[in-house]
Amino acid sequence: MKKHVWKKKIVPYIFIAPSVILFSIFMLYPIGYSFVMSFQTSAGGEMTFNGLENYKRLFNDDIFLKALKNTFIILAVQVPMMLFLALILAVLLHSSLLKWKAMFRVSFFLPAVTSLVAYSIIFSIMLMNDGLMNQLLEWIGISSIPWLSHPFWAKVSLILAMTWRWVGYNMVIYLAALQNISEDLYEAASIDGASKVRQFFSITIPQLKPVILFTAILSTIGTLQLFDEPYTLTKGGPSDETLTIGMYLYQTGFRYFDFGYASTIAYVIVVLIAILSFIQFKVSGDER
């Protein structure tokens with residue numbers, strides 16, 4: 001009897017063992033090893049312990065500080081704008097007055113399933129000096145803009161490209177949440193004389209608060225890891241004006257093979273994500 005009970009207890013662990021082993025090999029081990037590497041430096045082809053020198057080096061690294069600044073500028077502008085547009089689109093597509101909802105929903109979501117590299121290349125072609133965007137501007141009488149060669153406009157190009165891709169993705173999340181809000185709330189508000197705008201701010205926004213927090217954290221994480229768009233569109237230029245932390249991490253590790261310092265940058269990103277997520281939870285008033 002005891003043997004039978006023992007077998008019943010061990011069977012679940014046998015089933016989950018392959019997943020646990022694979023997770024440990026390909027996730028836990030790299031995470032732990034990269035943390036150890038963040039305290040090491042390459043000397044003579046071998047990794048040697050150097051304490052906190054890599055972390056001290058960060059604060060004196062002008063390129064890292066510039067990449068950090070660029071990333072936060074993009075984060076501060078792109079994420080709020082994208083989430084606001086996604087919320088407005090979700091409300092409009094949720095309206096009972098709109099026809100062909102399925103077509104509009106698919107159209108707005110389609111960029112999210114487009115290849116990152118493919119859409120970056122398309123935007124790079126459109127934003128060339130003689131590209132489609134400048135041709136349209138000249139057609140309406142506006143002089144062409146150096147989208148990819150001017151420090152300010154290069155950042156604008158990244159923000160536009162990222163917004164185009166991710167607005168639809170967040171819109172679908174908001175749309176799903178909107179469908180779970182009871183219509184009784186809006187009917188009661190209408191009876192009390194509340195306008196559509198008042199209903200939006202007094203019912204829709206509070207009801208969507210957890211979902212907005214969720215998308216804000218996801219978008220923050222994605223922006224701090226931003227790599228594909230600047231790498232494909234601007235190569236971090238001009239003069240490192242669009243260099244992001246993620247791109248600098250890649251260059252440090254895979255161009256200069258300074259894996260110890262690259263691991264340090266990676267863990268700084270982890271800390272930044274944790275801090276910003278904590279701030280977002282506090283600002284939203286979510287105590288969970």
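I took a polar contact as a pair of N or O atoms within 3.5 Å; within protein, one must be able to donate a hydrogen and the other to accept it, and residues adjacent in sequence count only if both atoms are side-chain atoms. The model is predicted: local features need pLDDT of at least 70, side-chain atom pairs count only at pLDDT 80 or more, and totals for chains, interfaces and linings use all residues. Residues are numbered from 1 along each chain as its sequence is written, and side-chain values use heavy atoms, without hydrogens and water.

Entry one: Lys155. I found a polar atom of its side chain 2.9 Å from the backbone oxygen of Glu241. Lys155 sits in helix H7 (residues 151-178); helices are DSSP runs of H or I, at least four residues, numbered from the N terminus. Is Lys155 buried or exposed? Lys155 counts as buried because its relative accessibility is 12%, and buried means under 20% (1.4 Å probe, protein chains only). Beyond neighbours within four places in sequence, Lys155 contacts Asn70, Ile73, Glu241 and Thr242; contact means heavy atoms within 4.5 Å.

Entry two: annotations. The unreviewed UniProt entry gives "domain: ABC transmembrane type-1" for residues 68-280. I note that such annotations may be inferred rather than shown by experiment. Over residues 68-280 I read 75% helix and 0% strand (strands are DSSP runs of E, at least two residues). Residues 147-167 are 81% helix, with end C-alpha atoms 21 Å apart. Residues 259-279 are 100% helix, with end C-alpha atoms 30 Å apart.

Methods. Buried means under 20% relative accessible area, exposed over 50%, partly exposed in between (1.4 Å probe, protein chains only).
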